[in-house]
Amino acid sequence: GLTIAFALYTTSNQPDYAVPLIKTSDANWKDGYGFYFLSSSIYFFMNDYLANTTSMSGINGRWVHYVGRWNGTAMDIFQNGVKGTTRNGIAKINVSNANLEIGFGPEGSYLTGKIDEIMIFKRALSDVEIAVLYNMTNVTLENNFTNLNNGTYNYSAYVQKSSGKIDALPRSLIVNTSTNTSNVTANTSDINLTFDPIVTGK
């Protein structure tokens, strides 16, 4: 089996045959595997980009988690943990000795966007594992505080890795209601913390 996962951020529809990632030694994409865009949809292919594909509509303007999976007989694609189309009858991968290419491929177009969290597993993850993988890349922590007094409030986000190391990122919030118009100023930079993956390949 095989599972390929990654997070993708695009701001507009991609050119046809724009490639997030691909591993093929054939300019006509007749071996290996990869992902490409066509008519605003994203396709996952194996062995033949025309005959053996699964697809879903692309999403712009936010990070999206994609997974392509092959379990030894069938291949499918996931978007944010939700399964798309399935293609049956794929008994083997036509092995490619080419390098894995990211953001561009043979005879393809350049990807316009950002790609992150690339993971490749030498087995087919289960639907549950794929959902866990998506939820790990989509962690949002939030709280709603009311009736705060004027002042500066300091806070930090923490995560502890399986190695025991603790990462922290401090932030501050200033509340000033002494004028006619309430004034709240916050350091709103994204908090980016690294998590050890729960799901590992074998």
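Which residues does S41 touch, not counting residues up to four places away in sequence? The close-ups below start there. This is a predicted model, in which local features need pLDDT of at least 70, side-chain atom pairs count only at pLDDT 80 or more, and totals for chains, interfaces and linings use all residues. Residues are numbered from 1 along each chain as its sequence is written, and side-chain values use heavy atoms, with hydrogens and water left out.

**View 1. S41 and its contacts.** S41 touches Y36, M56, S57 and G58, leaving aside residues up to four places away in sequence; contact here means heavy atoms within 4.5 Å. S41 sits in strand β4, residues 41-46. Strands (E, at least two residues) and helices (H or I, at least four) are DSSP runs, numbered from the N terminus. S41 counts as buried because its relative accessibility is 16%; the cut-offs are under 20% relative accessible area for buried, over 50% for exposed, and partly exposed in between (1.4 Å probe, protein chains only).

**View 2. The sheet around β4.** Follow the open sheet across and you get five strands in the order β5-β4-β3-β2-β9, with antiparallel pairing. At the edges are β5 (53-57) and β9 (101-102), each pairing on one side only. Two strands pair if DSSP finds at least two bridges between them. Strand β3 (residues 33-38) and β4 are joined in the antiparallel sense by six bridges. Look for Y33 here: M46 in β4 stands opposite Y33.

**View 3. Y49 and the residues it touches.** Y49 belongs to the loop between β4 and β5. With a relative accessible area of 19%, Y49 is buried. Y17, N28, W29 and Y36 are in contact with Y49, again not counting residues up to four places away in sequence. The C-alpha atoms of Y49 and G32 are 9.5 Å apart, with the two residues 17 apart along the chain.

View 4. Most residues other than glycine have a negative phi. Y17 isn't a glycine, yet has a positive phi of about 70°. You'll find Y17 in the loop between β1 (2-9) and β2 (21-23), and its 28% relative accessibility makes Y17 partly exposed. W29, not a glycine either, has a positive phi of about 55°. W29 is in the loop between β2 and β3 and is buried, at a relative accessible area of 4%.

View 5. Searching the whole structure turns up one cavity of 30 Å³ or more. A cavity is a set of points, on a 1 Å grid over the protein atoms alone, where a 1.4 Å probe fits but cannot get out; lining residues have an atom within 4 Å of a point. The volume of the largest cavity is about 50 Å³, taken as the space filled by probe spheres set on the points. Its lining is made up of L8, T10, N13, Q14, F37, S40, G58, I59, N60 and Y66.

**View 6. The nonpolar cores.** The largest nonpolar core has 20 residues, and I4, F6, F35, I42, F44 and M46 have the most contacts inside it. Elements giving two or more residues to this core are β1, β3, β4, β6 (63-70) and β7 (74-79), and β1 gives the most, with four. Apart from it lies another core, of eight residues, including A5, F78, M119 and L133. A nonpolar core is a set of buried Ala, Val, Leu, Ile, Met, Phe, Trp, Tyr and Cys residues joined through side-chain atoms within 4.5 Å.

How values were computed:
On a 1 Å grid over the protein atoms alone, a cavity is a set of points where a 1.4 Å probe fits but cannot get out, and a pocket is an open set with protein on both sides within 12 Å along at least five of seven lines; lining residues have an atom within 4 Å of a point.
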